[in-house]
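This report describes selected side-chain features, taken one region at a time. Please read it alongside the sequence and the model.

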Amino acid sequence: MTRLIAQICFFFQLHRLAYYLNRDRKRIITFHNVLPDNVFENNVANGVSCSFSSFKICIEEISRYYNFSLDLDDTSTVTITFDDGYRNQVEIAAPYLLSKGIPAYLFVSGQLLPPDGRRGYERNEDVRPLTIDLLLHWISYVPNGEYSIQYNGEFSIAIFNDENRSQIWSSI
């Protein structure tokens, strides 16, 4: 059904209407993860991620209509941001953007930085994914059932089917 809606929107060029209605607003596009095509799986766990080929298509489509800048007040340009500072943003997305001359903001969580600031650019071997990313990943793959989770108190999660799983994932 989603594919049919996308095809209808593309056929009628509804994205142009969206561009027109938002012509006086700043456009900030945020990416979470840009994963290599050979490891990307289109599932709930990767709901805020995209494959490298999809990322390139997005950037190419946006660049047909707008220039890119880091100026957050310039409503005539688009600003690209990345949250959490995962390696794939630097190793996969950034080289592509640099090759196209497109600037972007990469926000890095302090949890991902080396604990000793004097270490410079050395890799932090103790880095773990952010807690929220671990939780979302767990929700995506845990078998259906009822779970009690201890984290700042206790809360329960009941997963019965894929639709219910997606609703829980979206509410976190």
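## Surroundings of Gln 89

In this predicted model, Gln 89 touches Phe 31, His 32, Phe 82, Asp 83, Ala 94 and Leu 106, when residues up to four places away in sequence are not counted. Gln 89 lies in helix H4, and with a relative accessible area of 0% it falls under the 20% limit and therefore counts as buried.

## Aromatic cluster and ring pairs

The structure as a whole holds seven aromatic pairs. Among them is that of Phe 55 and Tyr 96, whose ring centres are 6.1 Å apart and whose planes stand at 70°, so that the pair is classed as edge-to-face.

Because Phe 55 lies in helix H3 (residues 52-65) and Tyr 96 in helix H4 (residues 87-100), this pair ties together parts that are 41 residues apart in sequence.

## A salt bridge within helix H3

Helix H3 also carries the pair Arg 64 and Glu 61, which lie three residues apart, about one turn of the helix. Their side chains meet in a salt bridge, with a nitrogen-to-oxygen distance of 3.0 Å, and a search of the whole structure finds one salt bridge.

The two partners fall into separate accessibility classes, since Arg 64, at 55% relative accessibility, counts as exposed, whereas Glu 61, with a relative accessible area of 24%, is partly exposed.

Which residues make the nonpolar surface patch of about 1100 Å²? The patch is made by Met 1, Leu 4, Ile 5, Ile 8, Phe 11, Phe 12, Leu 14, Leu 17, Tyr 20 and Leu 21. Helix H1 (2-11) and helix H2 (14-21) each supply at least two residues of this patch.

Met 1, for its part, is found in the segment before H1, and its relative accessible area of 75% is over the 50% limit, so Met 1 is classed as exposed.

Note on methods:
Residues are numbered from 1 along each chain as its sequence is written. This is a predicted model: local features need pLDDT of at least 70, side-chain atom pairs count only at pLDDT 80 or more; totals for chains, interfaces and linings use all residues. Side-chain values use heavy atoms; hydrogens and water are left out. Patches are made of residues with over 30% relative accessible area and no salt bridge: like charges are joined within 9 Å, nonpolar side chains (Val, Leu, Ile, Met, Phe, Trp, Tyr) within 5 Å. Accessible areas come from the Shrake-Rupley method with a 1.4 Å probe; for residues, only the protein chains shown count as cover. A salt bridge is a side-chain nitrogen of Lys or Arg within 4 Å of a carboxyl oxygen of Asp or Glu. Helices (H or I, at least four residues) and strands (E, at least two) are DSSP runs, numbered from the N terminus. Buried means under 20% relative accessible area, exposed over 50%, partly exposed in between (1.4 Å probe, protein chains only). Rings of Phe, Tyr and Trp (its six-membered ring) pair if their centres lie within 6.5 Å; planes under 30 degrees apart count as stacked, over 60 as edge-to-face and the rest as tilted. Contact means heavy atoms within 4.5 Å.
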